[in-house]
2 protein chains.
Amino acid sequence: MIKKYALLQKSINQRLEAFFKHKTNEATGISPFLGKLVKEKRNFVMAGGKRIRPVLFYIGYLMGDGKDKKAALDASICIELIHNYLLVHDDIIDQDTLRRGKPTLHITYKTLIKNLSSSPEHLGTSLAIVGGDILAMYGYEALSNATFPDNKKLQAIKVLNKILSDVTIGQDLDILYASKKKVTIQEILRVAEYKTAKYTIEGPLKLGATLAGANKGTLKVISDYALPLGIAFQIHDDILGMFGDKKRTGKSSDSDIKQHKQNLLLLYAKEHSRGDQKKTLRGAKLTTSGIERVKKIVKDTGSLDHAQALSRQLVEQSKGAIRKSSASKEVKEFLVELADYIIARKS
Amino acid sequence: MIKKYALLQKSINQRLEAFFKHKTNEATGISPFLGKLVKEKRNFVMAGGKRIRPVLFYIGYLMGDGKDKKAALDASICIELIHNYLLVHDDIIDQDTLRRGKPTLHITYKTLIKNLSSSPEHLGTSLAIVGGDILAMYGYEALSNATFPDNKKLQAIKVLNKILSDVTIGQDLDILYASKKKVTIQEILRVAEYKTAKYTIEGPLKLGATLAGANKGTLKVISDYALPLGIAFQIHDDILGMFGDKKRTGKSSDSDIKQHKQNLLLLYAKEHSRGDQKKTLRGAKLTTSGIERVKKIVKDTGSLDHAQALSRQLVEQSKGAIRKSSASKEVKEFLVELADYIIARKS
């Protein structure tokens, strides 16, 4: 991990803690139960997470020549809150029980309410749907209340709307493709573009840059850097999801295979597999040995190598875009290191 | 229905149609499937609904002496979009299949995807969770893009955040109380305060007033008018839910009884019931005759009379507040008529 990144991460976490402390007290004042619900949101958010979006928000602010760095860090948590809103809903959609090595919010809420209700499962999920909605509102609130001029904040809110538009397009396509029998690599890359590249890299950078009043040239550099890097990020995530260390990723590994979700690794393997391999990929049982056989085919067909090469190539493209830009030396160094880190990370 | 109300309703519906036409075209351009999803959101929103929130948004704008009435009507759809976002999630939470006499969005999406997937139920719900999230973003977008000065819009966005904070507090308390064995009338009225009074009446009026740059005095009048009326609105809704004409309300009637959800009618009846009645209320079977017996007890204990008297009293309080204010004659007439209508409506 880059040293500067770790420092930013720490500052962001402090601000998230302060935000949730305030919200927990406020809610407890209305009802102790509400306080508990907010406290569990805090635990969910603070259980881990790379904070890549608020970090990029801050870097975007620097790229736009913003001067009030403290205020930018304060505002940056908006995008982490929005991200956690989507994670909470995503965990319900994917029926995941673990996130960052801890129970997902609907599971936590189910446990919280189990002595009260005869249908804790449904109520836990219900509270988590509303819980996600509350985190969304927190995100808009953190941005609306930031100490920046109103016109800048309004521009930033429009960017936030666009980020949410992009990511929900990605989610809808993801849900569609998860249920389609035949999905193309092009379709999978499109989901990665909306759900990861625009959402995780481009959006946060643009958000910070907009708050700083960046010009069109800077926004163009951001897109040129962000879009290839975002695809690489997603590919690396898929690799980690299949071959990563569960203890380090904190996610139920193999979940793509188990959910029969298509990703680049599986699709490329399918396209390059021969008779027996094809059969295994189609009919793979969800046993440990079945999953191991699928992983072996992903390696044997060269799909893993291909994915790694592609993500390296995209990262080079991304680095090239930022290197030739007029960004400051500090920003260039940071974003180049970040790009390398993104396809080297273990979690 | 008040004539002016009907005219406003029509203007708002036209604007909603235009909004969805634009969004459907945009989504279809990315993928026909996405276009279909938006089209179904349009059908959900346009299936009915009183549009009380955008109407009040507009009246609030007049109360704040706003001059650009057309722009206010354009912006007013933001709160209807937000409302539909919450309805979509609410229908999932309440496991309702009907809304405005048509299938709820998760049911529509289930049908849409049923030939594609082996788990259409879960995918339909997943698409509707994301679908709600998209409607939320639409709401913020409609407000951010309105043709008002940035500082006014930013103030209004803060009011929108507060509206969402209030209503989600109401929802969380509602979910909690639905699972608690003993709920007090005070607790039920508190849910009505957050989930209906602040959200349905006070919030929209304040939103419009804020966009017009209203002063504190006007905002105070709004609260004095809105809060009692909102409680009356909820009580009348409970009465309609139990004794209303299903064809006119478009909702599965008896759903509060069926879900063992507490409301003022049931609680008051419980408190004023005698031996046999008490037993029936506790153990009421969810058969048609069981539900009819519960309804009879609500009448026999005087609970229905009590609820009607209370809502009339609250409406008088509300009308008093607006009558003695410095609002224009036009606004006063409208809000007084609206208050009467709210406890006279059949749907």
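Guide: Chain A can be laid on chain B with an RMSD of 0.0 Å, by a turn of 180° and a shift of 0.0 Å along the axis. The superposition is by least squares on the C-alpha atoms of residues with pLDDT of at least 70 in both copies. This is a predicted model, in which local features need pLDDT of at least 70, side-chain atom pairs count only at pLDDT 80 or more, and totals for chains, interfaces and linings use all residues. Residues are numbered from 1 along each chain as its sequence is written, and chains are lettered from A and ligands numbered from 1 in the order in which they are written.

Visitor: How are the two copies related?

Guide: The turn is 180° and the shift along the axis is 0.0 Å. The two copies are thus related as by a two-fold rotation axis. The same surface serves both copies, since 100% of the contact residues of chain A recur in chain B.

Visitor: What makes two residues count as being in contact?

Guide: Their C-beta atoms, placed from the backbone, must lie within 7 Å. By that rule, 41 residues of chain A are in contact with 41 residues of chain B. Helix 7 (150-179) of chain A is among the helices that each supply at least two residues of this side, and the largest share, 17 residues, comes from helix 7 of chain A. Helices here are DSSP runs (H or I, at least four residues), numbered from the N terminus.

Visitor: Why are helix 6 of chain A and helix 4 of chain B called roughly antiparallel?

Guide: The axes of helix 6 (residues 120-144) of chain A and helix 4 (residues 69-93) of chain B come within 9 Å and cross at roughly 165°. Axes are lines fitted to C-alpha atoms over the stretch in contact, and angles run from 0 to 180 degrees between N-to-C directions. Angles over 145 degrees count as roughly antiparallel, so this pair is roughly antiparallel.

Visitor: Which residues make that contact?

Guide: Ser126(A), Ile129(A) and Asp133(A) of helix 6 of chain A meet His89(B), Ile92(B) and Ile93(B) of helix 4 of chain B.

Visitor: How confident is the predictor in chain A?

Guide: The mean pLDDT of chain A is 93, and 95% of its residues reach 70 or more. pLDDT is the predictor's confidence in each residue, from 0 to 100. For the complex, the predictor gives an ipTM of 0.94 and a pTM of 0.95.

How values were computed:
Parallel < 35°, antiparallel > 145°, perpendicular 65-115°, else oblique.
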